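Work through the exercises below with the sequence and the model at hand. Each task is followed by a stepwise solution.

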Amino acid sequence: LESYPELSTSFQTLALERYRKRPSKHADFDELVLARARKVVCRAAFVKRWSTAEQPRPFMEFISIPAGSFTMGSPEKEKGRFDSEKQVPVTITRAFELGKTVVTQKQWTEVMGTDPWNWENLKETGDNYPAVYVSWDKASLFCEHLTSYEREAGRLSANQTYRLPTEAEWEYACRAGTTTAY
């Protein structure tokens, strides 16, 4: 564990004790607690780096997905189909935005201050590779932190928020108006 001078010594000591004593089944919970602590440290660097005039490009690029309807799920005769993939009509009532690319390792590290892929036998590492070995909870926490940082930097209003897409939004965007298996 690194030392974070921006956090109180007592908080760092408590976090370190919890980390060392944690049962393995609670590792994800403790990582989330420590990630929330790292947020305090990462925020200042993130806001400073992405709020300067020298950084005209956005931190992440998004594409707009229009509202619309589609059939979610797979046809009964589709190869590789699971029983849980029954087809149902779905209407997306409001347009939404989706990241143009996956979250990169650089973006993840800038926001979260961690590198979960570093503990795996992963050959593809670098700024532009996707952030991998990230749970749904950690991805949600990434969205929470990014929302906070972007609001603080003045690029996101109080009524806007980053979040993960719903399963329906994801399938709708991926299908892009098609009805084929892939």
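**Exercise 1: helix 4**

Compare the span of helix 4 with the expected one. The solution starts from its extent in this predicted model: helix 4 covers residues 136-152, which makes 17 residues. The expected span is 1.5 Å times one less than the number of residues. From first C-alpha to last, helix 4 reaches 24 Å, close to the expected 24 Å.

Next, list the residues of helix 4 that are buried. The cut-off is under 20% relative accessible area. Just after the helix, Gly154 has a positive phi of about 85°.

**Exercise 2: nonpolar cores**

Which residues have the most contacts inside the largest nonpolar core? This core has 14 residues, and the residues in question are Trp108, Val111, Met112, Phe142 and Leu146. Helix 3 (105-112) and helix 4 each supply at least two of its residues. Helix 4 gives the largest share, five residues.

**Exercise 3: helix 5**

Identify the buried residues of helix 5 and the strands they pack against. Within residues 167-175, the buried ones are Ala168, Glu169, Glu171, Tyr172, Ala173 and Arg175. Their packing partners are strand 1 (62-65), strand 2 (68-72), strand 3 (88-92) and strand 4 (96-99). Finally, look just past the end of helix 5: Ala176 takes a positive phi of about 50°.

Conventions
Residues numbered from 1 in each chain as written. Predicted model: local features only at pLDDT ≥ 70, side-chain atom pairs only at ≥ 80, totals over all residues. Heavy atoms only, no water. Buried < 20%, exposed > 50% of the residue type's maximum accessible area, 1.4 Å probe, protein only. Helix = DSSP H or I, 4+ residues; strand = E, 2+ residues; numbered from the N terminus. Contact = heavy atoms within 4.5 Å. Core = buried A, V, L, I, M, F, W, Y, C linked by side-chain atoms within 4.5 Å.
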